[in-house]
There are 2 protein chains.
Amino acid sequence: MQAAAIWLTGIPASGKTTISILLRDYLQKKNMPVIILDGDEIRKTVSKDLGFSPQDRKEHNRRVIEIAKLLVKNNFTVIIPLISPYKETRDLARKELPNFIEVYVKASLDTCIKRDPKGLYQKAKNGEIQNLTGLQAPYEEPINPEIIVDTEKNSPEQCLGMITLKLQHLGYLK
Amino acid sequence: MQAAAIWLTGIPASGKTTISILLRDYLQKKNMPVIILDGDEIRKTVSKDLGFSPQDRKEHNRRVIEIAKLLVKNNFTVIIPLISPYKETRDLARKELPNFIEVYVKASLDTCIKRDPKGLYQKAKNGEIQNLTGLQAPYEEPINPEIIVDTEKNSPEQCLGMITLKLQHLGYLK
């Protein structure tokens, strides 16, 4: 079995984290070395020196990609839940990461605003957050992702099923 | 089995990389998820934006420690070969990293100059490199490392034996 870089992109509250955890647990049960590289967590640690300017966001994404690359090269499957609103970032990830799989985690803005588990949309409406992707800042929809999962129409478990079937089909899972 | 952060410190050519590779291969055979976090490699990737000023060196070490921390927390054993000449850096690593094991890879400067597999000492003598640890910049010897391996007196395989015995003794290996 080959390691893969599984990149989950989507607006806040689309379901990236939920699916990432399910997928990690599934692959762990198959005895695959797997890790979630959470963009938010890396922001608070490795990228603690960076802010939110376009340049800093770009540098942050570059570092996430470099860490993921190091891990995949060492045969760890890496799951990367990252809003990654810009095609440019995802294209860079595709170019740099071996065995790259782009998963578009899709849900309408209305649904995400209703879910809002972290209260981000509410904070944005209150003016506490600016540039929230989906609401105030653009999200460029993936054009040719390997997988699209629609978390409005399908349960997290169904989305997991679709992703693991695709991984199997691509030869990353037995 | 618990994951550990195994930190190998020592002057250039002391044998850190050789021992790291042997140790990784040994732990892999025991089916432990293990990875080498090579300081030089991370310099060229994640820390590509940094130079060699004291501040930049410190920031680089901070990032290596953060990446190692993320991995150990996810139950990966991490082997970190890093000259890390300053006690301050190693103390920070000890404070931040769960299950921290400091291995002092020891060899005399004369021996390391004779070995010089990367030609670093020669380059320093030619004036091509400045501030080479051991020769031109200080190396603060570890005071209370968990393990000292003397690569002048012992073969790499013997050093590996000593380290794995210690890991067993500390409960990180069955």
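Two strands pair if DSSP finds at least two bridges between them. Strands (E, at least two residues) and helices (H or I, at least four) are DSSP runs numbered from the N terminus. The model is predicted: local features need pLDDT of at least 70, side-chain atom pairs count only at pLDDT 80 or more, and totals for chains, interfaces and linings use all residues. Residues are numbered from 1 along each chain as its sequence is written, while chains are lettered from A and ligands numbered from 1 in the order in which they are written.

**View 1. Strand β4 of chain A and its two partners.** A:Thr9 stands opposite A:Tyr104 in β4(A). Strand β1 (residues 5-9) of chain A runs parallel to β4(A), with five bridges joining them. β4(A) is also parallel to strand β5 (residues 147-150) of chain A, through four bridges. Here A:Lys106 stands opposite A:Asp150 in β5(A).

**View 2. The two faces of β4(A).** Seven of the seven residues of β4 (residues 100-106) of chain A are buried (20 or more other C-beta atoms within 10 Å of a residue's own; exposed means 12 or fewer, partly exposed in between; C-beta atoms are placed from the backbone). One side carries A:Phe100, A:Glu102, A:Tyr104 and A:Lys106, and the other A:Ile101, A:Val103 and A:Val105.

**View 3. Helix α1 of chain A.** The 14 residues of α1(A) (residues 16-29) should span 20 Å at 1.5 Å a residue, which agrees with the 20 Å between its end C-alpha atoms; the expected span is 1.5 Å times one less than the number of residues. A:Lys16, A:Ile19, A:Ser20, A:Leu23 and A:Leu27 are the buried residues of α1(A). They fall within an arc of 105° seen down the axis of α1(A), so they line one face of the helix; the arc is that of the directions from the helix axis to the C-beta atoms. On the other side of α1(A), A:Asp25 and A:Lys29 are exposed. After α1(A) comes A:Asn31, with a positive phi near 65°.

**View 4. The side of chain B that touches chain A.** Eleven residues of chain B are in contact with eleven residues of chain A (contact: C-beta atoms, placed from the backbone, within 7 Å). Helix α3 (residues 54-73) of chain B gives the largest share of this side of chain B, five residues.

**View 5. The rotation axis.** A rotation of 180° with 0.0 Å of shift along its axis superposes chain B on chain A (RMSD 0.0 Å). The two copies are thus related as by a two-fold rotation axis. Superposition is by least squares on the C-alpha atoms of residues with pLDDT of at least 70 in both copies. Of the residues of chain B, B:Pro33 comes closest to the axis, at 3.2 Å (C-alpha).

How values were computed
Two residues are in contact if their C-beta atoms, placed from the backbone, lie within 7 Å.
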